[in-house]
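Keep the viewer open as you read.

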Amino acid sequence: MVQTLSTGLLPLGSPAPEFSLPDTLGHTIGLSDFRTSKAVVVIFMCNHCPFVKHVQKQIAQFAKDYQTKGVAVVGINANDAQNYPDDSPDKMRIEAERAGYTFPYLYDATQEVAKAYKAACTPDFYVLDGERRVVYRGQLDDARPGNDQPVTGQDLRAAVDAVLAGKEVPAEQNPSMGCNIKWRPGNEPDYFKG
């Protein structure tokens, strides 16, 4: 497993890039579908990454806790499913059911949404405020496979709590760490240094 830090290149305060992608049930879901949400959490994730597997129970619990507070959560898998078949849409549907995800899990086949968000690893977390500006891009918490830190979701939870309370999210944010997004050969973005 190759450890990759999230790039954090999408500046805080930037308008969130739009997207419209298919979910595991055959529906197309876009950012505009969450226009009444108090905040939106966008998670670049996948099925097979050990970093995602390490925190997936907390991701599922986070979604359950915050969806009742008017926060939308959406997962996006941008991995190249041809070279990484465990990340295919069919396997995504199975993984979403197995993990208990209560949020849409979308497939970014062109990888253009991941590029627009300047996502680099799985998992990579973005919090959008009520005006759909990026106010957080970073880690779930300090837990990593093998480091014995508890999986609490404290960093992500603190960011979303600040948005819900109408407070500013601190600009000092710890980058996420995970497996690099599996770019299609020749489709690697300029910011990717894998």
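Lys53 is partly exposed, at 39% relative accessible area, whereas Glu95 is buried at 8% (buried means under 20% relative accessible area, exposed over 50%, partly exposed in between, with a 1.4 Å probe and protein chains only). The model is predicted: local features need pLDDT of at least 70 and side-chain atom pairs pLDDT 80 or more, while totals for chains, interfaces and linings use all residues. Residues are numbered from 1 along each chain as its sequence is written, and side-chain values use heavy atoms, leaving out hydrogens and water.

Lys53 and Glu95 form a salt bridge, that is, a side-chain nitrogen of Lys or Arg within 4 Å of a carboxyl oxygen of Asp or Glu. Lys53 sits in helix 1 and Glu95 in helix 2, so their pairing ties together parts 42 residues apart in sequence. (Helices are DSSP runs of H or I, at least four residues, and strands are runs of E, at least two, numbered from the N terminus.) Arg98 joins Lys53 and Glu95 in a salt-bridge network. The count comes to 8 salt bridges, including these:

| Pair | N to O distance |
|---|---|
| Lys53 and Glu95 | 3.7 Å |
| Arg93 and Asp90 | 2.9 Å |
| Glu112 and Lys115 | 3.7 Å |

Arg93 and Asp90 are 3 residues apart in helix 2, about one turn.

Val160 touches residues including Val41 and Val127 (contact means heavy atoms within 4.5 Å).

Note on methods:
Lists of a residue's contacts leave out its neighbours within four places in sequence.
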